[in-house]
Amino acid sequence: MTKPSLPDLLHAAVSAVGGTERPGQVTMAEAVAEAIDDNSHLLVQAGTGTGKSLGYLVPALAQGERVVVATATLALQRQLVERDLPRTVDALHPQLRRRPQFAMLKGRSNYLCLHRLHEGVPQDEEDGLFDPFEAAAPSSKLGQDLLRLRDWSDETETGDRDDLTPGVSDKAWSQVSVSSRECLGASKCAYGAECFAEAARERAKLADVVVTNHALLAIDAIEGAPVLPQHEVLIVDEAHELVSRVTGVATGELTPGQVNRAVRRSAKLVDEKVADQMQTAAEGFERVMELALPGRLEKIPEDLAYALMALRDAARAVITALGSTRDRSVQDEDAVRKQAMASVETVHGVAERITQGSEYDVVWYERHDRFGASLRVAPLTVSGLLREKLFTERSVVLASATLKLGGDFNGVGASLGLAPEGTTGDDLPVWKGIDVGSPFDYPKQGILYVAKHLSRPARDGERGDMLDELAELMEAAGGRTLGLFSSMRAAQQAAEELRSRIPELPILLQGEDTLGELIKNFAADPKTCLFGTLSLWQGVDVPGASCQLVVMDKIPFPRPDDPLMSARQKAVEEAGGNGFMAVAATHAALLMAQGAGRLVRATGDRGVVAVLDPRLATARYGSYLKSSLPDFWYTTDRNQVRKSLAAIDAASKAAAGE
């Protein structure tokens with residue numbers, strides 16, 4: 001039987017999902033197939049509307065080996081498992097003569113734990129277990145959530161939190177879920193045979209395509225204990241997010257509250273002397289943390305070093321004692337012991353990591369208004385880890401709408417541990433970058449406007465001229481504005497000021513409702529505007545007339561006092577590189593490319609991306625940032641932009657029959 005051609009397979013899949021075949025999608029599918037055949041690696045930039053999911057799924061399904069697809073957002077995971085994969089598998093079946101199986105796999109805490117649900121939560125202060133269903137008043141929100149979870153447990157087939165609609169609070173979910181460290185293990189658990197997380201793992205072992213998230217991929221890479229089944233091809237979608245997700249998983253944290261929880265959980269399970277040692281160490285750590293000032297610790301202060309060593313040694317003694325003593329008087333002892341062990345091991349691991357003082361780690365204090373001080377440790381870079389763990393045993397395809405920054409892929413490649421494209425040598429992963437373009441006509445569909453006449457933004461300074469400019473642009477656009485701000489404080493100030501200044505344009509503010517509700521309400525009414533910060537830069541998909549003006553208040557460089565970013569910048573400079581361009585400008589370029597991508601989501605979309613920061617037009621790094629953005633028509637003429645916005649507004653109203 002002749003092997004079906006890739007163009008034929010792609011055509012069948014695109015027809016099945018009701019899409020339109022794009023030249024960029026065909027180019028992408030061919031490049032993915034080539035990378036898989038060569039066992040090499042591919043970075044592919046595919047603009048919004050290219051149909052990148054099918055661009056990688058079709059060649060991956062065609063080659064017949066096991067594939068893991070890791071993505072950053074829940075929305076894309078659901079789209080793949082509920083829409084794209086079922087239709088694609090059906091469409092390819094006649095030509096492939098097989099029906100690839102697919103499954104979704106997430107971290108254990110995403111699944112309902114039947115042991116927790118039926119036996120209760122090990123209580124910190126009590127010997128026995130705490131039944132949250134009895135403790136929570138049925139009339140309270142928590143009580144209602146828990147009762148709904150109990151009913152849902154009888155009908156759900158997956159136990160996956162994301163299949164529960166409407167959702168429940170994190171507090172309610174924490175009463176019925178466990179982390180992998182707290183899990184008793186299927187062989188020891190009374191509910192092991194019915195376990196939802198184990199069932200998901202079993203389905204993943206049998207599947208040809210496993211859809212997961214960046215966090216689980218990072219855990220699989222970092223912790224050494226394989227979570228994902230063996231696979232020959234790895235596809236990382238939304239790959240611009242990967243480095244920050246891996247950094248997040250590799251970051252350790254210690255807080256007095258967390259240490260005290262570990263003390264309470266273990267105290268009843270070990271002898272008094274060991275418990276007292278842990279209690280004393282916790283008190284010493286808490287005293288040091290009361291005086292902690294936010295910022296990086298280039299050298300660990302003596303009092304902190306002493307407190308951490310005491311904590312490390314005490315935690316080690318507790319771990320040893322927990323492993324060798326039994327106490328039958330404790331109800332459901334295995335669960336209580338496992339939770340205590342998980343808490344103490346986390347404290348021990350972070351305390352030991354900081355006291356060992358690797359030159360590759362960055363340590364800093366943070367202060368939070370509500371939660372007090374925390375001590376954090378993160379890797380200076382994850383590039384070496386990614387090179388070693390991701391690119392050695394499989395073909396890897398990294399896809400995103402924004403991977404090509406400043407005109408090439410080398411910046412993103414370096415953050416992933418890849419040498420500049422085309423570099424050869426022993427142990428260097430072979431890769432290439434390809435930009436398959438976009439189906440949109442950016443110069444005709446959008447304008448990039450830089451407000452060159454405004455004053456330069458000063459850190460935390462008043463920006464009256466920026467707010468005046470923003471108000472005029474919003475009025476010209478008739479609303480329809482997505483405001484992307486570099487800080488929550490700036491978003492709140494702008495919303496407060498402009499709500500009183502232009503009351504006829506409703507302004508929604510991130511944090512005042514769930515993100516899903518805010519986006520739904522923004523899309524429903526063209527006059528409505530939505531202001532917010534980081535998650536809006538990359539989480540909003542509103543095609544059509546409701547989003548015709550995307551405003552960035554200033555270039556989103558990392559804060560100068562961000563300990564991790566400033567440490568990374570300094571490390572590049574010490575190695576002879578340009579730290580500002582490699583770290584700060586790359587960070588800003590990625591966010592700006594994502595933010596500008598909110599404007600044109602469909603072929604009929606028209607509008608303006610307005611950057612209210614003159615540095616984009618005047619600073620030397622401005623050209624690097626601009627070359628990372630879609631190829632919009634560029635202007636600094638404020639009158640021209642007002643006329644264009646008014647014309648787009650009028651056309652939208654006419655089309656809507658107003």
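## A walk through the predicted model

Let's start with helix 13 (residues 272-290): its 19 residues should span 27 Å at 1.5 Å a residue, and its end C-alpha atoms are 27 Å apart, which agrees. The expected span here is 1.5 Å times one less than the number of residues. Helices (H or I, at least four residues) and strands (E, at least two) are DSSP runs numbered from the N terminus. This is a predicted model, in which local features need pLDDT of at least 70, side-chain atom pairs count only at pLDDT 80 or more, and totals for chains, interfaces and linings use all residues. Residues are numbered from 1 along each chain as its sequence is written, and side-chain values use heavy atoms, with hydrogens and water left out.

At the start of helix 13, a side-chain oxygen of Asp 271 comes to within 3.1 Å of the backbone nitrogen of Lys 273. The buried residues of this helix include Val 274, Met 278, Phe 285 and Met 289; buried means under 20% relative accessible area, exposed over 50%, and partly exposed in between (1.4 Å probe, protein chains only).

Now turn to the loop between strand 7 (233-236) and helix 11 (242-249), where you will find His 240. With a relative accessible area of 16%, His 240 is buried. Its side chain makes a polar contact with the side chain of Gln 594, at 3.4 Å. A polar contact is a pair of N or O atoms within 3.5 Å; within protein, one must be able to donate a hydrogen and the other to accept it, and residues adjacent in sequence count only if both atoms are side-chain atoms. Leaving aside residues up to four places away in sequence, His 240 touches Ser 400, Thr 402, Leu 403, Gln 538, Leu 590 and Gln 594, where contact means heavy atoms within 4.5 Å.

Glu 238 lies in that loop between strand 7 and helix 11 too, and counts as buried at 14% relative accessibility. Its phi is near 50 degrees, a positive value in a residue other than glycine. Asn 39, in the loop between helix 2 (23-38) and strand 1 (41-45), also has a positive phi, near 55 degrees. Most residues other than glycine have a negative phi, and most peptide bonds are trans. The peptide bond from Thr 165 to Pro 166 is cis, with omega near -10 degrees.

Next, follow helix 11 to its partner. Helix 11 and helix 16 (residues 383-390) pack at about 100 degrees, with their axes 11 Å apart. Axes are lines fitted to C-alpha atoms, for helices over the stretch in contact, and angles run from 0 to 180 degrees between N-to-C directions. That makes the two helices roughly perpendicular; angles under 35 degrees count as roughly parallel, over 145 as roughly antiparallel, 65 to 115 as roughly perpendicular and the rest as oblique. Leu 242, Val 243 and Val 246 of helix 11 meet Leu 385, Leu 386 and Leu 390 of helix 16.

Another pair is helix 23 (residues 563-574) and helix 24 (residues 579-596), which pack at about 145 degrees with axes 7 Å apart. Among the residues that meet are Met 565 and Arg 568 in helix 23, and Phe 580 and His 587 in helix 24.

Finally, helix 9 (residues 196-206) has Phe 196, Ala 197, Glu 198, Ala 200 and Ala 204 buried. These buried residues pack against strand 3 (102-104), helix 5 (114-119), helix 7 (141-155) and strand 6 (209-213).
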